[in-house]
Amino acid sequence: MNIAILGATGKFGISLTAKLLAVTDHHLTLISTSAGHLYEDNHRITAKSVNALDFRALKKALKDQDLVYFAISGDYIPVMVDNIINMDPKRFIFMASVGIYNELEGEGAEFNVDNDQTQIPNQYAADLIESSDVDYTIIRAGYLEHGDEDDYVITRKGETPAGYRTSMESVHKIALEIIEDPKKYSRESISVTKDMSDN
């Protein structure tokens, strides 16, 4: 399988790349504005220093990809996501933040989009994805930290997440499940967070 990771030089992108290289034999196309500085091409890796705002360059970089994993943050996410939607990827995983639907309650509610303007691009991008025909999964994660891959609770859109912190390893696990079974969580928005109900 050919897997593209956008945001491959970010904290999460680096950790996901390492995990996929360690436990799969898939080919990875690693994309960011500086991917060519961090990664060297080999039989498993193709590094592409591409700005995801550049439609033509991104389309060329995503040619023949079976799955696209989006792990970029910032104000221009909706434009980048719209570019990808218009390329009609076979499978698209969009990594967002928990709170984009104002779904957090109690402690952590400050991360809801109504209280945190930095969430607006995530919310807008998720709206674009959900109204498209793309085979997507939106993974809503909390504050990312290292931890146990099994320390998570999944909730669906419309349900209250179990918390607002997330181990990167648990997101790796969910991503691997989708890679191995692309029908899993198809056209769903799921939160993946630690259970903080007892804290």
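User: Which residues of helix α5 (residues 120-130) are buried?
Analyst: This is a predicted model, and the answer is read from its computed accessible areas. To count as buried, a residue must have under 20% relative accessible area. In helix α5, the residues that count as buried are P121, N122, A125, A126, L128, I129 and E130.

User: What do the buried residues of α5 pack against?
Analyst: The buried residues of this helix include A125 and L128. Taken together, the buried residues of α5 have both a helix and strands as packing partners, namely α4, β5, β6 (136-141) and β10 (188-193).

User: How many of the nine residues of α4 are buried?
Analyst: Helix α4 spans residues 77-85, and the cover over its buried residues includes β1, α3, β4, β5 and α5. The buried residues are I77, P78, M80, V81, N83, I84 and I85. Helix α4 is therefore described as mostly covered, since under 20% relative accessible area counts as buried, and the number of its nine residues that are buried is seven.

User: Is V79 buried or exposed, or does it fall in between?
Analyst: V79 lies in helix α4, and together with L53 and Y76 it makes a nonpolar surface patch of about 280 Å². The relative accessible area of V79 is 42%, and because this value lies between the limits of 20% and 50%, V79 is classed as partly exposed.

User: Which residues does L58 touch, leaving aside those up to four places away in sequence?
Analyst: L58 has its place in helix α3 (residues 55-61), and it is buried because its relative accessible area is 0%. One of the residues it touches is M87, which is 29 residues apart from L58 along the chain, with 9.3 Å between the two C-alpha atoms. With the close sequence neighbours left aside, the residues in contact with L58 are L6, V50, A52, N83, I84 and M87.

User: Is S132 buried or exposed?
Analyst: S132 is placed in the loop between α5 and β6, where it touches I85 and R187, not counting residues up to four places away in sequence. The C-alpha atoms of S132 and D88 are 9.4 Å apart, although 44 residues separate the two in sequence. The relative accessibility of S132 is 9%, and because this is under 20%, S132 counts as buried.

User: What is the phi value of R187?
Analyst: R187 lies in the loop between α6 (168-180) and β10, and because its relative accessibility is 37% it counts as partly exposed. R187 is not a glycine, and yet its phi is positive, at about 55 degrees.

User: What is the relative accessibility of N102?
Analyst: N102 is found in the loop between β5 and α5, and it has a positive phi of about 55 degrees although it is not a glycine. N102 counts as partly exposed because its relative accessibility is 30%.

User: Which residue in β3 stands opposite I31?
Analyst: Strand β2 (residues 27-32) pairs with β3 in the parallel sense, over five bridges. Opposite I31, the residue that stands in β3 is K48.

User: Which residues of β4 point the other way from L67 and Y69?
Analyst: In a regular strand the side chains alternate between the two faces of the sheet. In β4, L67 and Y69 point one way, and all the residues named here are buried, including those that point the other way, V68 and F70.

User: Which residue in β5 stands opposite F70?
Analyst: Strand β4 is joined to β1 by four bridges, and the two run parallel, with V68 as the bridge partner of A4. β4 also pairs with β5 in the parallel sense, over three bridges. In β5, the residue opposite F70 is F94.

Notes
Residues numbered from 1 in each chain as written. Predicted model: local features only at pLDDT ≥ 70, side-chain atom pairs only at ≥ 80, totals over all residues. Heavy atoms only, no water. Buried < 20%, exposed > 50% of the residue type's maximum accessible area, 1.4 Å probe, protein only. Contact = heavy atoms within 4.5 Å. Pairing = 2+ DSSP bridges. Patch = residues over 30% accessible without salt bridge, like charges linked within 9 Å, V, L, I, M, F, W, Y side chains within 5 Å. Areas by Shrake-Rupley, 256 points an atom, 1.4 Å probe, with all protein chains shown as cover. Salt bridge = Lys/Arg side-chain N within 4 Å of Asp/Glu carboxyl O.
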